[in-house]
Amino acid sequence: MSLQYQNILIERKENVGIIYLNRPRVLNALNRNTVDEIMNAMKDFNNDENVRVIIITSNGDNFSAGADIKEMSQLSSIDAEEKSPLANWDIAINSVKKPVIAAIKGYTLGGGLELALSCDIIIASEDAKLGQPEINIGLMPGGGGTQRLTRLLGKHKAMELILTGKMIDAKEAEKLGIVNKVVSKEKLLDEAIELAKEIAKKAPLAVKYVKEAILFTLESNLQEGLRYERKLFYLLLGSEDGKEGMRAFIEKREPKYKGK
């Protein structure tokens, strides 16, 4: 693991880059410096040709209990708009072209849940507790909770969870479609790495375009999405990786992808 950061650690396992939130004494609360460090690590992994999938997880028993309330309570509305990392986070996560897997455990609340929701796939441990409790301190989600949960769950369930601030367990989150899979705490990181390595074997350009097409549909109608999907499909059809993949299939061998 690298110790170049104060609030996170990073590690590379073959083609997988891993980011660990590393403030376990404060339940991995997300202060400004932590979010800045996550964004920098994401940028580095995104620019690293040897990294094909990114995992974000945590040290300690919890993923993140949310924003650092002590830091946040000192901000005025103007300060928050100018200094909060929230707007920059959306820009940063949208610029990451590689799949990002969140491996969550324990308390995954408020900004911690919003961080996980901004990822592409979520694996949860059996002890994970998810929620948007901001309403309990007179606030509301500000990092995408109202938007992403509503798109995932629909209006009524999102309203219930956010207006009550209640927590749900990992199994309920799986039933609702918030998380992809629930595993034991001991197997959480191994499961995320196994999934990441499986994705990392695929053609990098195809993986990039699949992510791009799926995210595009969240901001477009069906016809626009279909046109965009076809455009990316045609580009892949003429790519080196596309030709190699088809040749390998015909020749009954493993393809050798170059990301071109």
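The legends below describe close-up views of a predicted model.

**View 1. Strand 3 and the covering of its residues.** Strand 3, which spans residues 53-58, is mostly covered, with six of its six residues buried. Its side chains point two ways, with Val53, Ile55 and Thr57 on one side of the strand and Ile54, Ile56 and Ser58 on the other, and the residues of both sets are buried.

**View 2. The pairing of strand 3 with strand 2.** Strand 2, made of residues 16-21, runs parallel to strand 3 and is joined to it by six bridges. Within this pairing, leucine 21 stands opposite serine 58 of strand 3, and serine 58 belongs to the set that points the same way as Ile54 and Ile56. Strand 2 and strand 3 also form, together with helix 1 (residues 32-47), a β-α-β unit that is right-handed.

**View 3. The pairing of strand 3 with strand 4.** Strand 3 also pairs with strand 4, which covers residues 100-104, and here three bridges connect the two strands in the parallel sense. Isoleucine 54 of strand 3 is found opposite valine 100 of strand 4, and this isoleucine is one of the buried residues of its strand.

**View 4. Glutamate 11 and its contact with tyrosine 20.** Glutamate 11 lies in strand 1, which comprises residues 8-13. Its relative accessibility is 17%, and because buried means under 20%, glutamate 11 counts as buried. The side chain of glutamate 11 makes a polar contact, at 2.5 Å, with the side chain of tyrosine 20.

**View 5. Leucine 215 in helix 10.** Leucine 215 is placed in helix 10, a helix that runs over residues 204-217. The C-alpha atom of leucine 215 is separated by 34 Å from that of glutamate 251, a residue that lies 36 residues away along the chain.

View 6. Rolling a probe the size of a water molecule over the atoms shows where empty space is left. The count comes to one cavity of 30 Å³ or more, and the space in the largest cavity is about 50 Å³. Its lining consists of Leu113, Leu130, Gly131, Gln132, Leu149, Leu161, Lys166, Ile168 and Ile178. Sorted by class, the residues that line the largest cavity are six nonpolar, two polar and one charged.

Terms used. Residues numbered from 1 in each chain as written. Predicted model: local features only at pLDDT ≥ 70, side-chain atom pairs only at ≥ 80, totals over all residues. Heavy atoms only, no water. Helix = DSSP H or I, 4+ residues; strand = E, 2+ residues; numbered from the N terminus. Buried < 20%, exposed > 50% of the residue type's maximum accessible area, 1.4 Å probe, protein only. Polar contact = N/O pair within 3.5 Å; in protein donor to acceptor, adjacent residues only side chain to side chain. Pairing = 2+ DSSP bridges. Right-handed = clockwise from strand over helix to strand, strands pointing away. 1 Å grid on protein atoms, 1.4 Å probe; cavity = no way out; pocket = protein on both sides within 12 Å on 5 of 7 lines; lining within 4 Å. Points joined across faces, edges and corners; volume = space filled by probe spheres on them. Nonpolar A, V, L, I, M, F, W, Y, C, P; charged D, E, K, R; others polar.
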